[in-house]
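Here is a friendly tour of a two-chain model, written to be read with the structure open beside you. Keep the viewer handy and follow along topic by topic.

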Amino acid sequence: MTSRHPGVRALPALLLLLVTACTTGPSLENQGDVTAPPGDSKHLTIGSAGFTESDLLAQMYALLLEQAGYSTRILSVTNREIYEPALESGQIDVVPEYAATFADWLKTKADGADADPVGSPDLGTTMKALRALAAPRGLTVLPPGRAVDQNAFAVAAAYAAKHRLETLSDLGRSGLPVRLAAGDECVKRPYCEPGLKKVYGIDITAVDPRGVGTTQAKQAVQNGQDQMVLTTTTDATLDDFGLVLLADDRHLQNADYLVPVVNRARAGSGGVRDALGKLNTVLTTADLARMNEQVDSWRRLPEDVARTYLENKGLVPKG
Amino acid sequence: MTAPPDDCLARNEWICGDYLTSRRGILMDATVQHLQLTAVSVLIGLVIALPLALAARHRRWAAAPVLGVTTVLYTIPSLAMFSLLLPVYGLSATLVVAGLVLYSLTLLVRNILAGLRSVPEETRQAARGLGYGPLRLLLTVELPLALPAAMAGLRIATVSAVSLVTVGAIVGFGGLGNLIYSGMNTYFKAQVLTASVLCVVIAVAADLLLLGAQRLLTPWTRRTP
C-alpha cells in the first residue's frame, strides 16, 4: 500500500510531542516558585530520603520554616540519586543530610566511583570538604548541630560486663575473637572491618552479612551467634535486645553530623539559616534516637513526634 | 526512657483500628492520588492508543512498528522506566503518569487492533454498499463492533495501572504505594496490609465499573437469538 498521507510517517514523533508538550515546564501551581526572586523563596519544598530519621528531620524543618513565615511541603523520595539532582535544580529546596556521607557521595559523583573519600572523623575537615564540593553545584550547607548519626558497634550487655568492655580499645586489648554482624560492604569500608583490625587491633574472625542494624543482626548478637553488631548512634532499640554500644574512643567513624543542605538560589537566605539553626543547639543524638523509637517501634506519626518535640523544647508554640 | 504505649500500633498488629483513625487523612489523600494517577494515565493512554490502532489497521506497513514499539516499551522494568523519564519530567506526578501511559499503550493498542480486525469483511462491504463513507463506516460500524475487545484491553490496562502506580513511590508520587513503601521499611504491618487491601479494592472496583460500562455500551452482545 502506498502512503497517501505522508503525515502518518510522522505519527510517532507527533505523539511524543503531544505527550511532552502537555507535560513539560512548570505547572501553574509551581510557576510562582520558579519566578520568585532568587535566594529567598517563600514556598519551600523539603525533601525526605524516605527513612524514619529523614522523615522526622524533614518534618521538624517544615515546622520551623513555617514558624518563620515560609509555606512548605514535604516530598518523600527513596534515595540520594533521585533527590540530589532535584535539589540542584530547585525542585527540592531543603534536605537533611549527613555531613561525611554526603561529602563522599558528592566526591564520587564528581570524580567517579574510585574517588578517594573526603569525609573524615573531624567535623571541621569534613565540613570544609563538603562545602567545597557542594558550592559549585549551587548548594549551601548550613551549620551542623549537635546530633550525629554515626556507625557504631554494640555488644551484648552481659558480654561487655564479663570482659569489662566499655570502648572498642578495650575489646582490642582483650584479644577476644569477634564475629561481626554487619552489611556485606563492611569487609571493604575503612570504618568497618579494616579499621577495627588496624586501629583497634580487634580480632575479627568473620563478617556475618545480616545488614546494618537490622533486627536479624541484633538477634544474632543477642543469642550469641555473633559477638558484635554494626548499627548507628541513633538506634534506640538496643535495650530491647540487651545490647550496649562500645565507645569509638579512637575516632574511627566519620563525622556524620546532621546538616541541612539547601538550594542556594531558592533557600540560601538568612531567614532559612536562622529558622533551621534553632535546632542546632537543641537536638541531640539521644533525642533523635528517642524520636526514631517512637516512630519505628511505637508507630507514631513522624509529624506528631516532630511537633511534640519542638513544642516541648519551646521552638514552636503549643497548639 | 518512657514506656511504650500499649496499643495495636505499638504491638504491630496486622489489623489495627488505631491505624485507621490516626491515619484517616493520610489514607484518604493517598487513595485520591492513586485514583487520579490511574484515571489520568489510562485516559491519556486511550487517546494515544486509538489513532495508533487505527493507523495499524488501515496502513498495513504501520502495524509492525506500532506493535513492536509498544511491546518493547512494556518490557522496560518500571524502576528503569521512571529513572529514564526522570531527567525529562523531574520529580512530579507527570513523571508517573508518563510512565503509566507508555505501559498502557501495549495493552490498549493490541486489543483495539484485535477488535478492529475482528470486524467481518462482509459487514464492511455491506456498509459500503449502503453508501457509508469511510468515517461513517468507522464510527457507526467498525468501532462499535470493536468495542468488546477494546474494553477487555481497557480493563486489563486499568487494573495493571492501579498496581503500577505504587512504583511511583520512588519519586514520592505513588498514591498508596508511598504508604506500602514506608511501611515495608519499618515492618509496619497495619500500614502495609491496609494500603495493599485498598489497592486491591480499587482494582476490583475499577474493573467492575468498566465491565458495567461495556454492558451498557454494547447491548447487542447480551441479546439472545
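Two residues are in contact here if their C-beta atoms, placed from the backbone, lie within 7 Å. With that cut-off, B:L52, B:A55 and B:A56 in α2(B) meet B:A62, B:A63, B:V66 and B:L67 in α3(B). Please keep in mind that this is a predicted model.

**The α2–α3 pair in chain B**

- By class, the contact of α2(B) with α3(B) is made of seven nonpolar residues, with no polar and no charged ones.
- The axes of α2(B) and α3(B) lie 6 Å apart, and the two helices pack at an angle of about 140°.
- Angles over 145 degrees would count as roughly antiparallel, and those from 65 to 115 as roughly perpendicular; α2(B) and α3(B) are therefore oblique to each other.

**Chain B as a whole**

- Chain B has a radius of gyration of 22 Å, well over the 17 Å that the globule rule gives for 225 residues, so it is more spread out than a compact globule.
- The C-alpha trace of chain B spans about 85 × 45 × 20 Å along its principal axes.
- Of the 225 residues in chain B, 40% count as buried.
- Taking contacts in chain B between residues at least 6 apart in sequence, 71% join residues at least 24 apart.

- Is B:L138 buried or exposed? B:L138 has 20 other C-beta atoms within 10 Å, so it is buried.
- B:L138 sits in helix α7 of chain B, which covers residues 134–164.
- B:L138 and B:L54 are 84 residues apart along the chain, and their C-alpha atoms are separated by 9.5 Å.
- B:N12 belongs to the segment before α1 (17–22) of chain B, and its phi is positive, near 55°, in a residue other than glycine.
- Most residues other than glycine have a negative phi.
- B:N12 is partly exposed because it has 16 other C-beta atoms within 10 Å.

**Where the chains meet**

**Chain A as a whole**

- Chain A contains 14 helices and ten strands.
- Of the 319 residues of chain A, 43% count as buried.
- For contacts in chain A between residues at least 6 apart in sequence, 74% join residues at least 24 apart.

- Helix α3 of chain A (residues 52–67) has 16 residues and reaches 23 Å from its first C-alpha to its last, close to the 22 Å expected at 1.5 Å a residue.
- α3(A) is mostly covered, with 14 of its 16 residues buried.
- Just after α3(A) comes A:G69, with a positive phi of about 95°.
- Helix α5 of chain A (residues 99–111) has 13 residues that should span 18 Å at 1.5 Å a residue, and its end C-alpha atoms are 18 Å apart, which agrees.
- Buried residues in α5(A) are A:A99, A:A100, A:T101, A:F102, A:A103, A:D104 and A:L106.
- What do the buried residues of α5(A) pack against? Their partners are β3 (94–98), α6 (123–134) and β10 (258–263) of chain A.
- A:G112 follows α5(A) and has a positive phi, near 95°.

**Two residues to look at in chain A**

- A:V261 is in strand β10 of chain A, and it is buried because 26 other C-beta atoms lie within 10 Å.
- Leaving aside neighbours within four places in sequence, the contacts of A:V261 are A:L87, A:V95, A:E97, A:F102, A:A134, A:L139 and A:V141.
- A:V261 and A:Y98 are 163 residues apart in sequence, and 9.4 Å apart in space from C-alpha to C-alpha.
- A:R164 is in the loop between α7 (157–162) and α8 (168–174) of chain A.
- The phi of A:R164 is near 50°, a positive value in a residue other than glycine.
- A:R164 counts as exposed because it has 8 C-beta neighbours inside 10 Å.

How values were computed. Residues are numbered from 1 along each chain as its sequence is written. Chains are lettered from A and ligands numbered from 1 in the order in which they are written. This is a predicted model: local features need pLDDT of at least 70, side-chain atom pairs count only at pLDDT 80 or more; totals for chains, interfaces and linings use all residues. Axes are lines fitted to C-alpha atoms, for helices over the stretch in contact, and angles run from 0 to 180 degrees between N-to-C directions. Helices (H or I, at least four residues) and strands (E, at least two) are DSSP runs, numbered from the N terminus. Angles under 35 degrees count as roughly parallel, over 145 as roughly antiparallel, 65 to 115 as roughly perpendicular and the rest as oblique. Ala, Val, Leu, Ile, Met, Phe, Trp, Tyr, Cys and Pro count as nonpolar, Asp, Glu, Lys and Arg as charged, and the others, Gly among them, as polar. A residue is buried if 20 or more other C-beta atoms lie within 10 Å of its own, exposed if 12 or fewer, and partly exposed in between; C-beta atoms are placed from the backbone. The expected span of a helix is 1.5 Å times one less than its number of residues. The radius of gyration is taken over C-alpha atoms; the globule rule is 2.2 Å times the number of residues to the power 0.38.
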